[in-house]
Amino acid sequence: MTFALVDANNMYVSCERVFNPKLENRPVVVLSNNDGMAVARSAEARALGIKMAEPWFKWKHLAKQHGIVALSSNYALYADMSNRMMKVLAQFSPDQEVYSIDECFLGMDGFKHLDLVAYSHEIRRRVKQWVGLPVCVGLAETKTLAKLANHCAKKNLAGAGGVCDFGRMTQDELSKLFATIDVSEVWGVGRALTQKVGARGITTVESLRTADPKTLRREFSVTLERTIAELNGTQCVDLEDANPTRQQIISSRSFGAPVTELEQLREAVASYIGIAAAKARAQGSVAGMVQVYIRTNVFKPESPQYQQTQTVPLPESTSDTLQLTKAALWALKRIYKLGYAYHKAGVALLNLTDGGDGTVQKDMFSTAKDNTKLMAVMDRINATYGRGTLRSAAEGSSKEWAMKRERMSPCYTTRWDELPVVKA
C-alpha cells in the first residue's frame, strides 16, 4: 500500500487569503474564540516570532509596527472550504480518509503505473485552481511515514518542493534525513512523550526508528511499538473509508462578556444544544443523556469561583432539538446560582447510538411529539441559508453573551448576504 497525505498549508490563513488577495505575503494571524490567542499564523507571522497559542495582548504592540493583520476565527468559512477541498481530492482516489479539517489520506493502490510525484503535483495544481488553497503531499508506504513525508514537503527538506515521496529514497538517504528531524514531528508523539523518550536519548526520528520496539513497549505502550514498526515500513494503521461515529458531541463557548443572569445562560445553553443536535442528526445518532456545565473564569482568582455539571438521562433517546433543549434547560436551572459572573457554558450529548433514521425504540407511554419532519426541514433551511436561520425561540435573538469576533471576515461561501461582490 502507498499512502498520500494531502495537507493544506496554514489552512485558516489560506482560506482568508482566497477572498482577500491583499493578505498575500503579509503577516496574518487568526485568533481563537473571543479573539484571545493565536491559533493560526502565516509564515511571515511566524518569522516575526509569534508563537502558537500566544495571547493577543502579548504581541498586539507588534501589529502596527510590522503590519500584522489579526483576524477572528471564521469557522463557517473554514469548514466550507474544507468540504470543497475534500470533494476535489476524492476525485484522485476511491480510497479517502478525511483526517481533519485540513488534511486527508488517499490510498494509492492501483496507481503504481503512474508517476506518483507527477500525480501529486497535479493534485496540488487542481486544489489550488479549483479551491484556491495551497497543499503539500507526502507519499510513503505507511500512514505514519506519509505524515512525516508531508512534513518534509512543507519544509522543503531534501528538495521536496511541495511533494515528498519516501518511496524514491534509499534507506541510507532516509536515515540521513530522519537524523535531522526532531522526534516530536512523528505522528502520535506528543510533547509529553517527546520529553519521556528524550530522557532515553531518543531525540530524532532516526533514533526512534532504530530503537528496540519491545523495550519501548514495556516502558510506554503498544502504540509506540506500532509507531516504530510504521517508521520501518510495516503497515499497522489501516485507511478508514469514513470518519468513525462520534461517541459524544460537545458544544461549548466562552462568553464575550461575563454573564450573571439565568436568562442569558438559558439562551447560550439552548444555542449550544441546537448546534450539538444538528451534528447528531447529521451522523444519524440519538442521545440517551444530556450534560450541561457552567463555570466562572478560573483565570480571575480574585473573583468568586463556581463551577457545576448536571447530567440528565432521557426517557427516550433522541436528536430532537426541542426535546434536548427542554432537558438541558431543566439541568441548567438546577445548577445555576445567583451572584456569580459566568465565563463559559457547554453541553454534551452522551450515550449516542444509531437511530437518526427514526428506527429508535419508543417508550409505549411516551407523550413526546414526533418532530422528525420538523427537524429535517430545519436542517435543510439552515444548510441552505446558514446555521441559525431557523432555531428554537429559547436561543433568543440579541445574544449579548456571544463570544467576541470583532475582526471576523465575511462568510463568503455560506451566507447569501455575504457573498463576494465583483465591481467593474
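Modeller: A salt bridge here is a side-chain nitrogen of Lys or Arg within 4 Å of a carboxyl oxygen of Asp or Glu. The model is predicted, so local features need pLDDT of at least 70 and side-chain atom pairs count only at pLDDT 80 or more, while totals for chains, interfaces and linings use all residues. Residues are numbered from 1 along each chain as its sequence is written, and side-chain values use heavy atoms, with hydrogens and water left out.

Colleague: How many salt bridges does a search of the whole structure find?

Modeller: Asp115, Asp165 and Arg168 are linked in a network of such contacts, and the side chains of Arg217 and Glu225 also meet in one. Across the whole structure, the number of salt bridges found is 16.

Colleague: How many residues apart in sequence are the parts that Glu219 and Arg200 tie together?

Modeller: Glu219 forms a salt bridge with Arg200, and their closest N and O atoms are 2.4 Å apart. Because Glu219 lies in helix H10 (residues 213-219) and Arg200 in the loop between helix H8 (191-198) and helix H9 (205-209), the pair ties together parts whose separation in sequence is 19 residues. Helices are DSSP runs (H or I, at least four residues), numbered from the N terminus.

Colleague: Is Glu225 buried or exposed?

Modeller: Buried means under 20% relative accessible area, exposed over 50%, and partly exposed in between (1.4 Å probe, protein chains only). Its salt-bridge partner Arg217, at 3.0 Å from N to O, is partly exposed with a relative accessible area of 40%. Glu225 has a relative accessible area of 10%, and therefore counts as buried.

Methods:
Helices (H or I, at least four residues) and strands (E, at least two) are DSSP runs, numbered from the N terminus.
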